[in-house]
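Work through the exercises below with the sequence and the model at hand. Each task is followed by its solution.

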Amino acid sequence: LCRRLYPLKKQFLNPFFRQSTSLMEGALPVCMNTMYRQEEPHMKRAWPMTIAAILAGIAIAVAQNKVAPCLGVLQAAFGLDLSAVGWLSSVFSVMGILMACPAALFTNHLGPKNACVLSLVATIVGGVIGLISDSFPILLFSRIIEGMGASLIAVAVPTIIAITFPPERRGLPTGLWSSWQFIAQALCFFFGVAITDAFGWQGVWWSGIIFALAAVILVLAILRLPKQKSFESAKPDIGSLGRTAGQRPVQAICFSMFCFCFSCFGFVTWAPTCWAETLHINLEQANWLISLFAIISIPAVVLVGWLIDRVSHRRVSVISCLGYGILVSAAFLMPNRAAMIPYTLFYPFFEGATSTSLWTIVPQTARRAQDTSSAIALFNMASSCGMLAGPPVAGAIIQAFGWRAMVLPLILAMSASALAAAQAKERVSGT
């Protein structure tokens, strides 16, 4: 009704009451003006722009995950031990913490499109430096540059989704965005080893550079964001991060994500070893099951994203957090190999539901729309902290008390995540 009345008001009243039109428009309910803006012409381009941005994220995630397929070759080429090789991957989590706040400032002042392009350029530059490196320190330096790009894209793409889609329609695009790491892991899993066998580790690096170059061209050609659509007329300021960090809904959603990543990465790191010891299966097979989770998660997050648009965001997040807590703790109580089949089918859906629902909520937790990038940056920082804390804490618990001792910490962590998600009050659309 609002969408129909608003154009009629402009068509019939403006010629006779030009002076009063602006006053009437100001008196219209916020929901009417918001609904009208959502039907602007740029909405027809919302999906192409979002797909381009997500592909840019996948290109950067491929660069992030490209070490695993050529792990042995890199060890032989640079004379590295497992600890050094581990830093080539874990440096991304460190950069996620260090670059979260700068990423928000870059996105605020450059705009999400320019931030997206800059992140891809960083990935390309890092890849080129890695190609010409002849020592581990230079190779690690190249990974740090790539990590900067990953930190920037993790803020830019959710901001683009927040600009191009209203809150009630963000579930599906956010679900697609939540699959960026899963898709990259699947690409590296299926093609990385073959490329390494044919062209060495340099072939994997060249593939990442070419993918990033194609993504730059796509972003420059397709991404045409509306000017100040969701962020009104106020420009983001340097105090945005501090102001946003003090808001309870933002604190709640960040704590919920920390608990989720703590549980998820503690599980991913130690579950294969647990299954190998307790179920007497090959460690390679156990690791393959973890890779299979990532592949199944791709359609899972899309389905969950579609569902979130039709029900309460917070309700989905609370239910998924509790369900995920039960499943992730059950990994360390697996009775036999037969139980692995239903577990493999159910686990990705609850993992995808938790991640997607939390990502959908976070843009609306900031009190002001122009603080959206800051809320996303703090959310990414909490995520990276959880990724770093989960594996060593879980390892210490397992070493001290055994595999089954992980059940209680995981249930407590995900219960806390569900409670925090329930407290993450969302901003009213249009404010």
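Predicted model: local features only at pLDDT ≥ 70, side-chain atom pairs only at ≥ 80, totals over all residues.

**Exercise 1.** State how many helices and strands the protein has, and what percentage of its residues is buried.

Solution. Step 1: the secondary structure consists of 19 helices and zero strands. Step 2: of the 431 residues, 53% are buried. Step 3: turning to contacts with a separation of 6 or more, 84% are between residues 24 or more positions apart. Step 4: the accessible surface is about 19,000 Å², and carbon and sulfur atoms hold 69% of this area.

**Exercise 2.** Determine how many residues of helix α10 are buried, and name them.

Solution. Step 1: α10 covers residues 171–178, eight in number. Step 2: six of these eight are buried, which leaves the helix mostly covered. Step 3: the buried ones are G171, P173, T174, G175, W177 and S178.

**Exercise 3.** Find which residues make the nonpolar surface patch, which helix gives the largest share, and how V121 is classed by accessibility.

Solution. Step 1: F106, L110, L118, V121 and V125 form a patch of about 370 Å². Step 2: two elements, α7 (100–110) and α8 (112–132), each give two or more residues to this patch. Step 3: α8 provides the largest share, with three residues. Step 4: V121 lies in α8. Step 5: the relative accessibility of V121 is 37%, so V121 counts as partly exposed, the class between under 20% for buried and over 50% for exposed.

How values were computed: Residues numbered from 1 in each chain as written. Heavy atoms only, no water. Patch = residues over 30% accessible without salt bridge, like charges linked within 9 Å, V, L, I, M, F, W, Y side chains within 5 Å. Areas by Shrake-Rupley, 256 points an atom, 1.4 Å probe, with all protein chains shown as cover. Salt bridge = Lys/Arg side-chain N within 4 Å of Asp/Glu carboxyl O. Helix = DSSP H or I, 4+ residues; strand = E, 2+ residues; numbered from the N terminus. Buried < 20%, exposed > 50% of the residue type's maximum accessible area, 1.4 Å probe, protein only. Contact = heavy atoms within 4.5 Å.
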